[in-house]
Amino acid sequence: MSIPWFFRCPISLDLFTDPVTLSTGQTYDRPSIERWLAEGHYTCPVTMQRLNDTSLVPNHTLRHLIDRWLLTGHETKSKPINFINSLAALKLNIQSAETSIETKLEALKKVRILSMESDNGQASLIQLGFFPLLLDFLFQTPQLTTTTTTTYPELFIEVALDCILSLSPEKHSEFLNILKNESCLASLGIMLDQGNVKIKTCLCTLIETIASSPVTRQVCLAMGQSQKVLQVLVSLLCSSTGIWAMEAAVRAVYGICMLEANRSNLVEEGAIDGLFSYLSCSVQRNASQALASIEALLVVDAGRKSLLMNVNAVRVLVKMVFVVNSDHEASEHAVGALLIMCCETMGVRAEAVNAGVLKQLLLLLQSQCGVKAKAKARALLKLLRSVWAEDPGVCNFYNAM
């Protein structure tokens, strides 16, 4: 099939799967432009203009044109493509052990196009059982995590993950219980560890989905017991692999630590330091979830000990108590974490006051923050009175103001 040039991404030169437009007016395939930005390029690949705004706007017009082009059928060397009949053939190509690796990859790419570009195609794929099929293929195909002599496994994983995430996994979370299987969970850990930025990001998104559903609670508990999974997630919090993977890792860690049984293991693998490393970055789109995770992990004795050993922790929390135009939910969790730690030792109280927490708390109380944030702020202010009441020399209240 000959693809019209205006249906091809300028970066990959392949058919658009998710066309998005930059502020420069240029359209790219989402996976390609996200990879470009994640690698640290802040220019438009075609025009080379500097990007002050890296937001991606879905190009619905182009998407529908491609969708219509795919579904109306086009002449190939043999016969017209029949959309409905071809789904059974695609399923067979993915399932069959006799199908060549090249044919399987092409079948997956066609499924990706249908799952991402067509509502009708997506509904048909779900109805025909492609979601559990793709999960089985991804997590129960040994070659995907053992073959190192070819680039095919990485391509397979990328395309399969695109398909899975496009088929609304949150609506079919019961199938994700496949990861209760020890070998499937091991495959997840290997892919998360050895995959590229896109693979890591997609897997973190899948983990977030698993952690947020009561149907997959046992899977979340299993991931919380997996040293490999936790180690990789924590490493992503403070890595330079890319902002997309880092943000996705924050969401995944947040989901996992919402189960109390997982918290001790997260602390043991260094989650406290990892989350503070993330909060020290210049951009924190998920600061609220990072701070909520820290507050939850401080319930564990080892979590409080870990925070005390982090020389920057208190100052980072104080800074996050009140930030102009920021999420007040983040402020609530920052105050909550400080309240826990200030109840722990007099030294933390003095450090917090010297870091300017009094001014931050008063600014927060004057803002439009929620009831919970105000209650925690008042409780912390009351507790901090002891710092200057017992030892006025330990801090300078007026300087803090």
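1. Met48 sits in the loop between H1 and strand S3 (57–58); helices (H or I, at least four residues) and strands (E, at least two) are DSSP runs, numbered from the N terminus. The phi of Met48 is near 65°, a positive value in a residue other than glycine. Ser168, in the loop between H8 and helix H9 (182–194), also has a positive phi, near 50°.

2. This is a predicted model, in which local features need pLDDT of at least 70, side-chain atom pairs count only at pLDDT 80 or more, and totals for chains, interfaces and linings use all residues. Residues are numbered from 1 along each chain as its sequence is written, and side-chain values use heavy atoms, with hydrogens and water left out.

3. Mean pLDDT (the predictor's confidence in each residue, from 0 to 100) is 86 for the protein, with 88% of residues at 70 or more. Residues 74–84 fall below 50, and this stretch has 14 contacts beyond near neighbours in sequence; contact means heavy atoms within 4.5 Å. For residues 394–401 the pLDDT stays under 50, and the model has 15 contacts beyond four places in sequence. Where pLDDT is low, the predicted coordinates should not be read in detail.

4. Arg285 lies over the face of Trp244, 5.6 Å from the ring centre. The criterion is NZ of Lys or CZ of Arg within 6 Å of the ring centre and within 35 degrees of the ring normal.
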